[in-house]
Amino acid sequence: MTKRVAILISGGGSNMLALLRDMASGDHPASPVLVASNDPAAAGLAKAADFGVPVAAVDHRPFGGDRAAFEAALLEPLLAVRPDILCLAGFMRVLTPGFVDRFAGRMLNIHPSLLPLYPGLHTHQRALEAGDAEAGCTVHEVTPVLDDGPILGQARVPVLPGDTADTLAARVLVQEHRLYPAVLRRFAAGDRTPLFL
Ligand code: GRF
């Protein structure tokens, strides 16, 4: 039974596109049913539409700090497509425990660090400031604690002399686009064995 995947984005959606490409490459246990964003101007929405995937946008700004109200609005298009799996891909809104609990055990996120190192923002700058020899990305199950759920996959890159946060981010992003599709394939097939690339 093909798993129905909804993807949440906030911007360019490069990880979303990597997931769509892989799901379109045949013999995949999942298929995309929706790409939704908290930003109606997210460039990823046009990329998803070009890919033939239904899109939705629920602007979070009119809701101010009322996260629950924004999430209730976001749930409408989301639940309408009956997703089996929810993938956060460059989604930049913190979700309430109430929302997360609705998708417990079937919501994934990609984070640009080797968790548990550097949850939160500015991960590459923090790795550089710490003098780390390696950096990377992590796909994890989403739990109510930010960037903290069970790890489903990681990919590592070397930190090179002269690296800036931007050069390191670009190197990590290449690995994100390998890791996330590979983890989703496994996860959709019912395999939660962590994958280390
Ligand atoms: C990436 O660094 C990703 O790790 C993080 O958001 C950034 C942009 O992702 N989640 P994308 O290009 O929008 O997929």
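Predicted model: local features only at pLDDT ≥ 70, side-chain atom pairs only at ≥ 80, totals over all residues.
1. **How to read a helix pair.** Two packed helices are described by the angle between their axes and by the distance between those axes.

2. **α1 with α2.** Helix α1 covers residues 14-23, and helix α2 covers residues 43-50. Their axes lie 9 Å apart, at an angle of about 15°. Angles under 35 degrees count as roughly parallel, so α1 and α2 are roughly parallel to each other. Their crossing is right-handed.

3. **Who touches whom in that pair.** From α1 come Met16, Leu17 and Leu20. They meet Gly44, Lys47 and Ala48 of α2. By class, this contact has four nonpolar residues, one polar and one charged.

4. **α1 with α6.** Helix α6 runs over residues 165-188. The axes of α1 and α6 come within 9 Å and cross at roughly 45°. That angle makes α1 oblique to α6. The crossing is right-handed.

5. **Residues of the α1 and α6 contact.** On the α1 side, find Ser14, Asn15, Ala18, Leu19, Asp22 and Met23. On the α6 side, find Leu173, Glu176, His177, Tyr180, Pro181, Leu184 and Arg185. The contact divides into seven nonpolar, three polar and three charged residues.

6. Rolling a probe the size of a water molecule over the atoms shows where empty space is left. The count here is one cavity of 30 Å³ or more. The largest cavity holds about 60 Å³ of space. Its lining includes Pro112, Leu117, Tyr118, His124, Asp132 and Glu134. Two elements give two or more residues to this lining: α5 (123-129) and β6 (134-141). By class, the lining has six nonpolar, four polar and two charged residues.

7. **The largest pocket.** About 800 Å³ of space lies in the largest pocket. It is lined by 33 residues. Which are the closest to its centre? They are Phe91, Met92, His111, Pro112 and Leu121. By class, the pocket lining has 16 nonpolar, 13 polar and four charged residues.

8. **Which elements build the pocket.** β5 (107-111), α5 and α6 each supply at least two lining residues. Helix α6 gives the most, with five residues. Look back at point 4 here: α6 also packs against α1, with axes within 9 Å.

Note on methods
Residues numbered from 1 in each chain as written. Heavy atoms only, no water. Axes fitted to C-alpha atoms, helices over the stretch in contact; angles between N-to-C directions. Helix = DSSP H or I, 4+ residues; strand = E, 2+ residues; numbered from the N terminus. Parallel < 35°, antiparallel > 145°, perpendicular 65-115°, else oblique. Left-handed = near helix turned anticlockwise from the far one by under 90°. Contact = heavy atoms within 4.5 Å. Nonpolar A, V, L, I, M, F, W, Y, C, P; charged D, E, K, R; others polar. 1 Å grid on protein atoms, 1.4 Å probe; cavity = no way out; pocket = protein on both sides within 12 Å on 5 of 7 lines; lining within 4 Å. Points joined across faces, edges and corners; volume = space filled by probe spheres on them.
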